[in-house]
Amino acid sequence: MRNGHITAGGLTAAAWAAVLAPTVGMLPGGTARIAGEGAWLAPLVALPAALLLGCVLTRLSRQGLAQAFLRLLGGVAGRILTIIYIMWALILACARLRLSGQRLLFTAQREVGLWFFLSVLVAVVAWLAWGEADAFVRSAAIFSRILTLALEAILGLTAFQVRAENLWPLWVGDVLPVLKAAVPALGVLCYGIYAAFLWEGDGDGGGWKRRTVGGCGVLSLLVLSVLGNMGAELTAALEAPFITLSKHVGVKGAFQRVESLISALWLLGDLALIGLLLWACRRMAAVVAPEWQGTRVVLAATAVVLLGTGLVFRDAVLAQRFEYVLAPLGNLVLGAAVPGLLFLLDRKKGG
């Protein structure tokens, strides 16, 4: 099934690339603080809800998700809800831009200022959001392949360092903590809801269900690798456990430390996420005010993101706390609760 030139498989891959950016940073430490040694099970426990949400979005997006808001809620309420999604997307983009710039600041030359990196990142994202949607989706799908290969390589290189005592024992008392840890895990996966604003069609062409199952499986292995190497207590205490783990990855005779390479590669995930958020804003803005042109929306959105980053998330610690705590909660409301209620309303109306 195609939406113009956008395939469901390509859009799913683009969403996966976008979700990886915050997931790798938040998931290992966030779930370890809740579920300890059982944190690696959280993505698998969240999988059924993610599949159910995908089915809900597939139904609602038959004519575009923003159009579904208008169809089910009416013109005024539908536009208000769309504006709320736009505002949340811009806030998410600001936080991700700040954290991306901070990571570049630490891995590049120290004499280069933060605002230089932020300006460059915003310019690249604006370029991605400027052209056609299918071009962005194809680019993000390529990013997804690169990031997945990099993640699999790290998991492979660290597999032999996993210690079983860091993952066991698990017993009945661990069930409730694992269930609790699945909630923020699902909240991070809900970043992908903004891909639904780029899709209009029926069916599940491209195997989005298979990709979702595979993605949650990879995320489970990611958390398992971090926990197995460093233990739950250390993982919970670190700000970026996966990046810390990559510092100890090396291949004798080839390279000894790859954290700089991983940080550079994860820039692709940042670009995919911010680009997806801006593209979703572009589609939603066209529904709120059809006379708004795409280029005008891109310029306005990138300006808001750049200024908002400096004003709201001037402190990188604040941006990190927002993305680790508030963002998953907000994503659960807008990415799961609201679509679920709209789905029930759609069923009631016989849509």
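Start with the largest pocket, which holds about 900 Å³ of space. On a 1 Å grid over the protein atoms alone, a pocket is an open set of points with protein on both sides within 12 Å along at least five of seven lines. Its volume is the space filled by probe spheres set on the points, with grid points joined across faces, edges and corners. Lining residues have an atom within 4 Å of a point.

Before you click further: this is a predicted model, where local features need pLDDT of at least 70, side-chain atom pairs count only at pLDDT 80 or more, and totals for chains, interfaces and linings use all residues. Residues are numbered from 1 along each chain as its sequence is written, and side-chain values use heavy atoms, leaving out hydrogens and water.

Now select Thr12, Ala15, Trp16, Trp208 and Thr212: of the 36 residues lining the largest pocket, these are the closest to its centre. By class, that lining has 20 nonpolar, 13 polar and three charged residues. (Ala, Val, Leu, Ile, Met, Phe, Trp, Tyr, Cys and Pro count as nonpolar, Asp, Glu, Lys and Arg as charged, and the others, Gly among them, as polar.)

Which helix gives the most to the lining of the largest pocket? Color helix 1 (8-35): it supplies nine residues, the most. Helices here are DSSP runs (H or I, at least four residues), numbered from the N terminus.

Next, show helix 1 and helix 8 together. They pack at an angle of about 25°, with their axes 10 Å apart. That makes helix 1 roughly parallel to helix 8, a label for angles under 35 degrees, while angles over 145 count as roughly antiparallel. Axes are lines fitted to C-alpha atoms over the stretch in contact, and angles run from 0 to 180 degrees between N-to-C directions. Zoom in on the contact (heavy atoms within 4.5 Å): residues of helix 1 including Trp16, Leu20 and Leu27 meet residues of helix 8 including Trp208, Leu219 and Val223. By class, this contact has 14 nonpolar, five polar and one charged residues.

Among the residues in contact are Leu47 and Leu51 of helix 2 and Val213 and Cys216 of helix 8.

The axes of helix 6 and helix 8 come within 10 Å and cross at roughly 35°. Pick out Leu151, Leu155 and Thr158 in helix 6, which meet Val218, Leu221, Leu222, Ser225 and Asn229 in helix 8.

Leaving aside its neighbours within four places in sequence, Leu265 is in contact with Ile146, Leu147 and Ala150. The C-alpha atoms of Leu265 and Ile146 are separated by 7.9 Å, although these residues are 119 residues apart along the chain.

Last stop: the largest cavity, with a volume of about 40 Å³. A cavity is a set of grid points where a 1.4 Å probe fits but cannot get out. Select Leu97, Val122, Val125, Ile274, Leu278, Thr302 and Val305 to see its lining. That lining divides into six nonpolar, one polar and no charged residues.

How values were computed. Helices (H or I, at least four residues) and strands (E, at least two) are DSSP runs, numbered from the N terminus. Angles under 35 degrees count as roughly parallel, over 145 as roughly antiparallel, 65 to 115 as roughly perpendicular and the rest as oblique.
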